[in-house]
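Welcome, and please open the structure in your viewer. Here is a short tour, stop by stop, with a note on what to select and what you will find there.

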There are 2 protein chains.
Amino acid sequence: MERGNVEPEAILRLEPDRVVFLDQRRLPEAEVELECRSAAEVADAIRTLAVRGAPAIGIAAAYGYALASARGEDLAAAERVLRESRPTAVNLGWALDVVRRADDPAETARRIHRDEVERCRRMAAHAAALLAPETRALTHCNAGGLATGGYGSAVGALRAAWEEGLLDHVFVDETRPLLQGARLTAWELEALGIPHEVIADSAAASLMAAGEVDCVVTGADRIAANGDTANKIGTYSLAVLAEHHGIPLYVVAPSSTIDLGTGSGDEIPIEQREPSEVSTRFPARNPAFDVTPADLIAAIVTEEGVHRAPYAESLAGAVVA
Amino acid sequence: MERGNVEPEAILRLEPDRVVFLDQRRLPEAEVELECRSAAEVADAIRTLAVRGAPAIGIAAAYGYALASARGEDLAAAERVLRESRPTAVNLGWALDVVRRADDPAETARRIHRDEVERCRRMAAHAAALLAPETRALTHCNAGGLATGGYGSAVGALRAAWEEGLLDHVFVDETRPLLQGARLTAWELEALGIPHEVIADSAAASLMAAGEVDCVVTGADRIAANGDTANKIGTYSLAVLAEHHGIPLYVVAPSSTIDLGTGSGDEIPIEQREPSEVSTRFPARNPAFDVTPADLIAAIVTEEGVHRAPYAESLAGAVVA
């Protein structure tokens, strides 16, 4: 495997008898592949974060279902174990709904993967157009190619802006407790040659106060019909801080992340993960996501374009069937 | 050494030929003592965070100077190496100014230590009186006995509130990059029997939004004449978040932390520490402190009482000669 390969097939792919993942738990120290030979093994890879990021786990679930189909597994059981692997991202259920109705699950799963990457390229172009020259952006968690099956949503926007000469620097929130920023986003930015610095999550505010941050760009795990957005824990914190400092927060995510069946953020289930991810020694609380109210989001960018408030109207038109 | 001992002499003490520290870098895994046999070794203990917290490093510097005096070291050189060990906390220079003018440096250094602990008890009583019954507090970094030479400032306030039956729960920001909250504050709260949960720093905002936090209580490394307060990186972030959610932020610190010679936060030097504390693999930025503007602070509590805005007036009366 070529080091620093951020191409879609390097991140995840379906082979005749297995689904292969670049194991995100091992990055950046080691670039190793994880092979899953049943839907249950794919569900386990999703649950244990070998693959993570809302669009990527949708693709992974579709591949897992296609693998189950090819192997002659009980498809109702396969669908259930995949659907229950993680609760917050809506893409997972969306991808399973598509692939289970398909005549050729393998081809349909691969099309979902291709489509997600193509959507990333389109949303990245829309998002980059929002940025001024010499932008110094701040991002949180990993909304890169690793999270979307290739190219990336928020990181894709930064990649497009970099290629257009609009981007000066990226501050990368390390993103505790699992350090997706420090491990994954920094790894991608290095591979892409984009100047960056990792910071403790709690340092973002002082950089904003010092005038060193022009915008915040993040992905999303689920966007409610009113624009309220669930994303990695700490995104809401950044949204409040950005508003206080007059800095726009842009959410960049594929339309598959929008859940028109969820009216507002109050209805989004928030995954509580193992306290041991935060502390193995003392009691701990470990919410994996938080909800950013729509009124703190300057724009939501999908492959369909730039959506502004009121989101109930602008998002309804963005969702493709 | 008795485990979980948070008494002043267990945290640091002067012996005839050495200064002994409970090595804070090793907590909570191991409770081991570090012995320093020269001013330079004490300065090294301060620089490498074996002892940290503004009041504690003031006491440590005083003990280091007294040790140098007892050993017949070059006192000008001893003072210089101690004074330059860390830049942000004002207590360090303050304690050195006191001890170098003393006839008996050892006795004076021990008096500084006793006085700081006694001040903590007094400020804790003042601060606890601000809290309503069933308070759920959030604290950042470690402003406990480890940071003050005994009892603690912010943690002292929580300890007093707990003993008065006013405190229900403490959320402990883990405090990246060095995890003083997750390692030290949680260790102290466990020793004191106070219910607590460690959280990722970026989870504070969502707990505030959920109505689970009644107040934020922190220490301070330096308080300017106008009330602007330097404290561990992330404190300013909490201050903005607390204001957004209508939650008071209380700063609890001894008057030795107030620097009337510094007009505002703009003049406080902010220590930039090694990027490797944040990331050993990628470029990183690592400011150790940030500055919270006075207008985001509900009250500053010292041993003299509760100080409210306008701080230029209320703090001037708090500083003892």
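## Stop one: a pair of helices in chain A

Select α5(A) and α6(A), which pass each other in a right-handed crossing. In chain A, α5 covers residues 91–100 and α6 covers residues 105–128; their axes come within 9 Å and cross at roughly 135°. That angle makes α5(A) oblique to α6(A). Please keep in mind throughout that this is a predicted model.

Now show the side chains where the two helices meet. On α5(A), pick N91(A), W94(A), A95(A), V98(A) and V99(A). Facing them on α6(A) are P105(A), T108(A), A109(A), R111(A), I112(A), E116(A) and R119(A). Colour this contact of α5(A) with α6(A) by residue type and you get seven nonpolar, two polar and three charged residues.

## Stop two: another pair in chain A

Two packed helices are described by the angle between their axes and the distance between the axes. Move on to α8(A), residues 154–163, and α9(A), residues 180–192. How do their axes cross, and within what distance do they come? The axes cross at roughly 20° and come within 11 Å. Because of that angle, α8(A) is roughly parallel to α9(A). The crossing of α8(A) past α9(A) is right-handed.

To see the contact, select V155(A), R159(A) and W162(A) on α8(A), then T185(A), E188(A), L189(A) and L192(A) on α9(A). Together, the residues of this contact of α8(A) with α9(A) are four nonpolar, one polar and two charged.

## Stop three: α8 in chain B

Switch to chain B and select helix α8, residues 154–163. Is α8(B) mostly covered or mostly open? It is mostly covered, with eight of its ten residues buried.

Then step past the end of the helix: α8(B) is followed by G165(B), which has a positive phi near 75°.

## Stop four: backbone details in the loops

Stay in chain B and go to the loop between β2 (18–22) and β3 (33–36), where you will find P28(B). The peptide bond leading from L27(B) to P28(B) is cis, and its omega is near 0°.

Next, visit the loop between β5 and α9 of chain B, the place of P177(B). Here R176(B) and P177(B) are joined by a cis peptide bond with an omega of about 5°.

L179(B) lies in the loop between β5 and α9 of chain B too. Its phi is positive, near 60°, in a residue other than glycine. L179(B) counts as partly exposed, at 22% relative accessibility.

Now select L179(A), in the loop between β5 (167–173) and α9 of chain A. L179(A) is not a glycine, yet its phi is positive, about 60°. With a relative accessible area of 23%, L179(A) is partly exposed.

## Last stop: the two chains together

Zoom out and display both chains. A rotation of 180°, with 0.0 Å of shift along its axis, superposes chain A on chain B with an RMSD of 0.0 Å. The two copies are therefore related as by a two-fold rotation axis. Both copies use the same surface, and 100% of the contact residues of chain A recur in chain B.

Methods:
Residues are numbered from 1 along each chain as its sequence is written. Chains are lettered from A and ligands numbered from 1 in the order in which they are written. This is a predicted model: local features need pLDDT of at least 70, side-chain atom pairs count only at pLDDT 80 or more; totals for chains, interfaces and linings use all residues. Side-chain values use heavy atoms; hydrogens and water are left out. Buried means under 20% relative accessible area, exposed over 50%, partly exposed in between (1.4 Å probe, protein chains only). Helices (H or I, at least four residues) and strands (E, at least two) are DSSP runs, numbered from the N terminus. Axes are lines fitted to C-alpha atoms, for helices over the stretch in contact, and angles run from 0 to 180 degrees between N-to-C directions. Angles under 35 degrees count as roughly parallel, over 145 as roughly antiparallel, 65 to 115 as roughly perpendicular and the rest as oblique. A crossing is left-handed if the near helix is turned anticlockwise from the far one by less than a right angle, and right-handed if clockwise. Contact means heavy atoms within 4.5 Å. Ala, Val, Leu, Ile, Met, Phe, Trp, Tyr, Cys and Pro count as nonpolar, Asp, Glu, Lys and Arg as charged, and the others, Gly among them, as polar. Copies are superposed by least squares on the C-alpha atoms of residues with pLDDT of at least 70 in both.
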